[in-house]
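Here's a quick walk through one model, with the sequence and the structure side by side. Have a look at the fold before reading on.

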Amino acid sequence: EHFSKRLQVQETMTKQIADLLDESLNPQGVAVVLRARHLCQEMRGIKKSGAETVTSCLKGVFMDDGLARKEFFDLANA
């Protein structure tokens with residue numbers, strides 16, 4: 001909620017969340033996936049109700065280790 005109150009693009013917010021977690025927790029890796037519905041897409045753009053935009057940001061082990069990245073995305077898409 002902290003970042004979503006600002007006027008910004010989804011890609012920037014995804015990176016801000018990942019950066020905050022990485023700096024605050026100092027983990028081996030951070031993976032953030034953000035799924036959002038945008039009224040501008042539903043009403044003006046593609047005009048498809050329920051359309052989602054998905055963004056992700058990976059750091060550390062999730063960026064460097066293909067197996068960890070695959071496991072994360074498998075769980076995120078389940």
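## Ground rules

This is a predicted model, so to speak of a local feature takes a pLDDT of at least 70 and a side-chain atom pair counts only at pLDDT 80 or more, while totals for chains, interfaces and linings use all residues. Numbering starts from 1 along each chain as its sequence is written, and side-chain values use heavy atoms, with hydrogens and water left out.

## Helix H1 and what covers it

Which residues of H1 are buried? They are Gln10, Met13, Thr14, Ala18 and Asp19; buried means under 20% relative accessible area, exposed over 50%, and partly exposed in between, using a 1.4 Å probe and protein chains only. An α-helix has 3.6 residues a turn, so residues three or four places apart point the same way. The cover over the buried residues of H1 includes strands E1 (29-37) and E2 (52-60).

Threonine 14, in H1 (residues 10-25), counts as buried because its relative accessibility is 1%. Beyond four places in sequence, threonine 14 touches Val32, Leu34, Thr55, Ser56 and Cys57, a contact being heavy atoms within 4.5 Å.

## Either side of H1

Phenylalanine 3 sits in the segment before H1 and is buried, with a relative accessible area of 12%. Leaving out residues up to four places away in sequence, phenylalanine 3 touches Gln8, Met13, Gln16, Ile17 and Leu20.

After H1 comes asparagine 26, in the loop between H1 and E1. Asparagine 26 has a positive phi of about 50° although it is not a glycine. Most residues other than glycine have a negative phi. Asparagine 26 counts as exposed because its relative accessible area is 65%.

## The core and its rings

What makes up the largest nonpolar core? Five residues do: Ala31, Leu58, Phe62, Ala68 and Phe72. Such a core is a set of buried Ala, Val, Leu, Ile, Met, Phe, Trp, Tyr and Cys residues joined through side-chain atoms within 4.5 Å. Phenylalanine 62 is in contact with Gly29, Val30, Ala31, Ala68, Arg69 and Phe72, setting aside neighbours within four places in sequence.

There are two aromatic pairs in the structure. One is phenylalanine 72 with phenylalanine 73, edge-to-face at 5.3 Å centre to centre and 70° between the planes. Rings of Phe, Tyr and Trp (its six-membered ring) pair if their centres lie within 6.5 Å; planes under 30 degrees apart are stacked, over 60 edge-to-face, and the rest tilted. Ring pairs link Phe62, Phe72 and Phe73 into a cluster. Phenylalanine 72 is buried at 18%, while phenylalanine 73 is partly exposed at 23%.

## Methionine 63

Methionine 63 belongs to helix H3 (residues 61-64) and counts as partly exposed because its relative accessibility is 49%. Apart from neighbours within four places in sequence, methionine 63 is in contact with Leu58 and Arg69. Methionine 63 and alanine 31 are 32 residues apart in sequence, and their C-alpha atoms are 8.6 Å apart in space.

Terms used:
Helix = DSSP H or I, 4+ residues; strand = E, 2+ residues; numbered from the N terminus.
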